[in-house]
Amino acid sequence: MDSIVVTGGRELSGQIHIAGAKNAALTLMPATLLSEEPLTLTNAPRLSDIKTMTLLLQSLGAEVTSMQGGKVLAMSSHGLNGDRADYEIVRKMRASNLVLGPLLARHGQAVVSLPGGCAIGARPMDIHIHALEALGAQIELKEGYLHAVAPSGLKGARVPLRFASVGATENTLMAAALAKGTTIIENAAREPEIVDLATCLRKMGAQIEGDGTSTITIQGVDRLHGATHPVVIDRIELGTYMLAPVIAGGEVECVGGRMDLVTAFAERLAQAGVEVTETPVGLKVRRANGRPHAVDVVTEPFPGFPTDLQAQMMAMLCTAEGTSVLEEKIFENRFMHAPELIRMGADIEVHGGTATVHGVARMKGAPVMATDLRASVSLILAGLAAEGTTQVNRVYHLDRGYEHVEDKLRAVGADIERVPGS
Ligand code: UD1
């Protein structure tokens with residue numbers, strides 16, 4: 001497996017182009033299952049998770065053609081002939097469960113493997129199941145697979161979610177788009193990726209109101225048609241690269257960056273003494289003189305501080321002045337980067353869902369292990385300012401969520417390279 005080698009100590013300067021959002025693309029792709037007509041996505045990110053979703057859609061009989069080096073995905077589900085999402089694909093990526101709602105809506109049945117355990121927590125499917133049952137589906141668990149049927153079609157209903165789950169909101173939204181009558185999702189997730197999905201579904205002819213708020217109303221239609229849709233930019237990739245100059249020093253302009261996508265995160269940066277300015281093409285981040293200040297962080301559903309930026313924020317706070325407390329409220333077991341950062345000289349104590357970080361003046365390079373997607377990039381960020389060389393091993397996860405991370409960072413002056421594994 002490849003590793004990434006970073007030698008710390010270089011200030012950064014220049015522009016980084018932010019890609020389309022992984023998490024938006026992973027829900028927009030299954031939306032193609034809802035229509036016989038083509039759906040084309042532009043601004044798609046080039047990631048291994050997108051390849052996994054491509055394989056899954058193809059296994060169901062959909063056509064997916066990647067064009068312009070992967071930036072455009074032309075999809076068509078006119079010849080859909082499968083309704084089974086196999087364990088071999090689903091186990092690689094939890095977002096595979098996003099075919100459940102569309103398949104049920106289109107075929108009246110679906111068989112989808114449960115994703116199984118995940119490195120960052122249990123991640124059950126109960127909210128998805130209750131929501132689809134509220135729309136009239138009957139769902140049974142047999143031999144690790146959810147067998148879902150809707151013999152008389154899906155019917156609009158009031159669907160209160162016990163927690164504002166992103167995936168459950170997306171599955172319900174897609175299923176309800178073709179259900180008979182009106183669906184009201186209460187306590188819906190408000191993430192920008194959900195707004196992006198609703199925007200695309202509206203282009204396909206769906207009648208949806210209230211996306212971006214906690215109550216989404218969907219008036220079901222008989223059929224959806226084709227559309228072309230640009231994937232919203234990746235606010236997690238944006239936040240990650242905004243942290244790079246804060247950690248390494250210097251100034252980076254994130255092209256395509258939008259403040260409304262990272263408001264809570266940018267507020268914490270401001271508290272830490274970091275300058276973030278809006279420019280005509282994106283967001284510019286500069287570390288003013290000296291070390292950033294400690295800040296406390298609590299992860300929450302959007303518009304709160306995103307759990308997907310917690311590891312990267314921790315990497316930054318390791319060398320901030322003072323003590324920071326990070327509270328993880330979305331996933332249990334999401335501090336696996338902490339022991340690796342400690343190997344690099346960080347001073348962190350973890351108790352349950354809370355991590356206390358006492359800032360140190362400088363970290364030291366070390367061989368470290370990437371344990372999940374966001375953890376791997378946090379170790380690369382830490383390496384940018386550490387003394388000496390950091391070797392991040394097992395970077396398989398990184399390629400799931402970041403396209404060409406080493407090229408993007410090298411282009412702004414980082415000393416970073418990928419070492420192919422044997
Ligand atoms: C999505 C994102 C992921 C992000 C997460 C939270 C995608 C592809 N992934 O994941 O990057 O970290 O949102 O912002 O968009 N839960 C249940 N039962 C359920 C569903 C979820 O208990 O049926 C729990 C989970 O275990 C977790 C929490 O709810 O603790 C959040 O999960 P959810 O919002 O569903 O995240 P995902 O859609 O899986």
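A salt bridge is a side-chain nitrogen of Lys or Arg lying within 4 Å of a carboxyl oxygen of Asp or Glu. Keep that in mind for the views below, which all come from a predicted model.

**View 1. Salt bridges between domain 1 and domain 2.** Between domain 1 and domain 2 the count is 3 salt bridges. One to look for joins the side chains of Arg400 and Asp49, with 2.8 Å from N to O.

**View 2. Helices on the domain 1 side.** Helix H12 (373-385) and helix H13 (398-401) each bring at least two residues to the side of domain 1 that touches domain 2. Which helix gives the most to this side? That is H13, with 3 residues. By residue type, this side of domain 1 divides into 12 nonpolar, 10 charged and 3 polar residues.

**View 3. How the two domains are laid out.** The domain assignment places 3-19 + 233-419 in domain 1 and 22-230 in domain 2. Taken over C-alpha atoms, the centres of the two domains are 31 Å apart. Where they touch, domain 1 contributes 25 residues and domain 2 contributes 20 residues.

**View 4. The area buried between the domains.** Domain 1 and domain 2 bury about 1900 Å² between them, and carbon and sulfur atoms give 50% of this area. On the domain 1 side, look for Phe302, Arg400 and Glu403: these residues lose the most area to domain 2, together 31% of what that side buries.

Methods:
Residues are numbered from 1 along each chain as its sequence is written. This is a predicted model: local features need pLDDT of at least 70, side-chain atom pairs count only at pLDDT 80 or more; totals for chains, interfaces and linings use all residues. Side-chain values use heavy atoms; hydrogens and water are left out. Domain bounds come from an automatic or database domain assignment. Contact means heavy atoms within 4.5 Å. Buried area is the accessible area (1.4 Å probe) that two parts lose on being put together, summed over both. Helices (H or I, at least four residues) and strands (E, at least two) are DSSP runs, numbered from the N terminus. Ala, Val, Leu, Ile, Met, Phe, Trp, Tyr, Cys and Pro count as nonpolar, Asp, Glu, Lys and Arg as charged, and the others, Gly among them, as polar.
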